Amino acid sequence: MRSLIDISELTLDELDELIRTADDIIENPQKYAHACSGKKLATLFFEPSTRTRLSFEAAMYELGGSVLGFSESQSSSAAKGESVADTAKTVSCYADIIAMRHPKEGAPLVASLNASVPVINAGDGGHNHPTQTLADLLTIHREKGRFGDFTVGLCGDLKFGRTVHSLITALKRYSGVEFVLISPNELKLPDYIKESLKKEGIPFLETGDLEGVMPKLDILYMTRVQRERFFNEEDYLRLKDSYILTPEKLANAKNDLSILHPLPRVNEISVAIDDDPRACYFKQVLYGKYMRMALILKLLEVNV
Amino acid sequence: MNVDSIKNGIVIDHITAGKGMKIYNLLGLDELECCVALIKNVPSRKMGKKDIIKVDTDFEVNTDILGYVDPDITVNVIKNGKIVEKKTIELPEMLTNVLECKNPRCISATEQELPHIFKLADREKRIYRCFYCETKAKT
C-alpha cells in the first residue's frame with residue numbers, strides 16, 4: 001500500500017506513467033468511467049478549499065467511485081480534540097483511500113503512518129501540495145511538450161507557497177531547468193530548498209524585479225500572497241500587492257510563455273490576461289482533475 | 001584538580017570545551033542520584049582543552065544525543081575500575097525526543113503525544129530537519 005505525501009516520493013518514471021494515464025483519460029474518458037466502481041474516497045479537509053476538494057471529488061465520481069468526508073475541521077471530531085492518527089485509523093474503516101488537507105505541516109504524513117489505506121496529501125500548511133504539482137506538470141507537458149530545457153519563473157509568495165516548493169522539487173530532477181525566483185525579501189524561498197538546489201548544481205536566480213526577468217521566461221508560475229499564512233495582518237497588507245501581472249508587464253514576454261497559477265487568485269493576475277492565449281491557469285484546473293484520477297487509480301492499484 | 005576515578009559507570013571524554021553543560025542537561029544527568037562530575041576546560045594534547053563528564057553508576061547513555069551535540073566524543077564504560085568498552089559516536093541519522101520543532105505550524109507542536117523526530121539532512125553541515133515539516137533544527 002502506498003501513499004503520496006511529497007512529490008519526491010514519485011520517481012520520474014512514475015510521473016511519466018501518471019501523465020500517460022492522464023493523457024489517456026483525456027482521450028478516452030469512457031474507458032475509465034467505472035474503474036473505481038464500489039470504491040470510496042474520503043476527503044478530510046481540515047482547512048477550507050474549493051478547488052482541491054471538488055477536484056478530488058469530481059475525479060472519484062468520474063472514475064465511478066463515491067465520496068464521503070468533511071470540508072472544515074469544525075464538522076469533524078478534530079473539534080473535539082481527536083488526534084490526526086486516530087482520525088486516520090477511524091476513516092480507514094470506512095474508505096478505500098483518503099485525501100487530506102490540514103493546516104498543520106506534517107499532518108498527512110502522520111495520517112499515512114496510521115491509516116490502513118493510502119493517504120494523499122491534499123496540502124499541509126505551507127509545506128507540500130503534491131497533487132497541485134501533478135496538475136502543474138500535466139499543464140507543462142501539454143503546453144510545452146517537454147520537461148526540461150526551459151526557464152521557470154516563480155513569482156510571489158515563495159516562502160509559504162507550498163505549491164512552489166513541490167513544483168521545484170519535481171522540476172529540479174529534469175535536466176536543463178533553470179529557476180528564477182521572484183519575490184519580495186520577506187517572502188523568499190526557504191533556505192532548505194535553495195540549499196538543495198545549490199547542492200545539486202541547479203541554476204537559480206533570486207530577484208525582486210519581475211519585468212526585468214520577463215524576457216527570459218518560458219513558464220511563469222504566479223502565486224497568491226496567502227492571508228492565512230500570516231500571524232500578523234500588517235505584514236500581509238504590506239506584501240499582498242507586491243506583484244500584479246498586467247498586460248503591460250507581459251510586453252517583453254516570449255510569445256510562447258505559459259502562465260500558470262495554482263488558484264485561487266485574488267488580484268495578482270489581472271483579469272485582462274485571462275483571454276491571452278498564454279494564460280493556462282484555468283486549463284491547469286482541469287488537468288488537475290485528470291491527474292488526481294490517474295493518481296487514485298495508481299494508489300488503488302486499479303488497472304484499466 | 002583531582003576527581004576520583006570511578007568503579008562502575010561511564011566517562012564521556014573528548015567533549016569539545018564548552019559543550020559539557022549542554023550534554024549534561026540533554027542527558028538529564030541532574031536527575032541522577034549518584035556522583036556525577038562535569039569537568040570543564042581540562043588540558044588536552046589533542047584538543048588543547050576539553051570537557052569530561054564522569055557518571056558513577058551503570059548508565060545507559062543516549063549516544064544519539066552525544067552524536068548530535070559532538071560526534072567526536074568517546075564514551076568509556078567502566079566495570080570494576082577498568083575500561084571494558086570504548087564507544088565511538090557517530091552523527092545519528094535520526095533523533096527522537098531530543099529536540100523540539102520550533103515551527104508553530106508543525107503538527108508536532110499541536111499533538112502532544114507525537115514523538116519529536118528529526119532527520120539528518122546534511123551530514124557535512126550537521127543539519128537536522130523535522131521529520132514532519134522539514135524545518136531546520138535550531139541548536
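A:Ile296 touches A:Cys36, A:Leu41, A:Ala59, A:Met60, A:Leu63 and A:Ile97, leaving aside residues up to four places away in sequence. Contact here means that the C-beta atoms of two residues, placed from the backbone, lie within 7 Å. The model is a predicted one, in which local features need pLDDT of at least 70 and side-chain atom pairs count only at pLDDT 80 or more, while totals for chains, interfaces and linings use all residues. Residues are numbered from 1 along each chain as its sequence is written, with chains lettered from A and ligands numbered from 1 in the order in which they are written.

A residue is buried if 20 or more other C-beta atoms lie within 10 Å of its own, exposed if 12 or fewer, and partly exposed in between. Helices (H or I, at least four residues) and strands (E, at least two) are DSSP runs, numbered from the N terminus.

In H1(A), the buried residues are A:Leu15, A:Leu18, A:Ile19, A:Ala22 and A:Ile25. They lie on the same side of H1(A), because they cover an arc of only 120 degrees around the axis; the arc is that of the directions from the helix axis to the C-beta atoms. On the other side of H1(A), A:Asp13, A:Arg20 and A:Glu27 are exposed. The cover over the buried residues of H1(A) includes helix H5 (130-144) and H10 of chain A.

H2(A) buries A:Thr52, A:Arg53, A:Ser55, A:Phe56, A:Glu57, A:Ala59 and A:Met60. Among the elements covering them are strands S1 (40-45), S2 (66-70), S3 (97-102) and S4 (119-124), together with helix H10 (281-299) of chain A. Just after H2(A), A:Gly64 takes a positive phi of about 85 degrees.

**Two domains in chain A**

The domain assignment, automatic or from a database, gives chain A a domain 1 (7-129 + 288-299) and a domain 2 (130-285). Their C-alpha centres lie 24 Å apart. Domain 1 of chain A brings 21 residues to the contact and domain 2 of chain A brings 22 residues. On the domain 1 side, H1, S4 and H10 of chain A each supply at least two residues. That side divides into 11 nonpolar, eight polar and two charged residues. For these classes, Ala, Val, Leu, Ile, Met, Phe, Trp, Tyr, Cys and Pro count as nonpolar, Asp, Glu, Lys and Arg as charged, and the others, Gly among them, as polar.

**Backbone details to look at**

Most residues other than glycine have a negative phi, and most peptide bonds are trans. The peptide bond from A:Leu263 to A:Pro264 is cis, with omega near 5 degrees, and A:Pro264 sits in the loop between strand S9 (258-260) and H10 of chain A. A:Glu301, not a glycine, has a positive phi of about 55 degrees. A:Glu301 lies in the segment after H10 of chain A and is exposed, with 9 other C-beta atoms within 10 Å.

In chain B, B:Asn41 has a positive phi of about 55 degrees, although it is not a glycine either. B:Asn41 belongs to strand S2 (residues 36-44) of chain B and counts as partly exposed, with 13 C-beta neighbours inside 10 Å.

Chain B has three helices and eight strands, running β-α-β-β-α-β-β-β-α-β-β from the N terminus on. Buried residues make up 30% of its 139 residues. Chain B is divided into domain 1 (9-88) and domain 2 (94-130), whose C-alpha centres lie 24 Å apart.

Where the chains meet, 14 residues of chain B are in contact with 12 residues of chain A. Helix H3 (residues 107-110) of chain B provides the largest share of the chain B side, three residues. By class, that side has five nonpolar, three polar and six charged residues.
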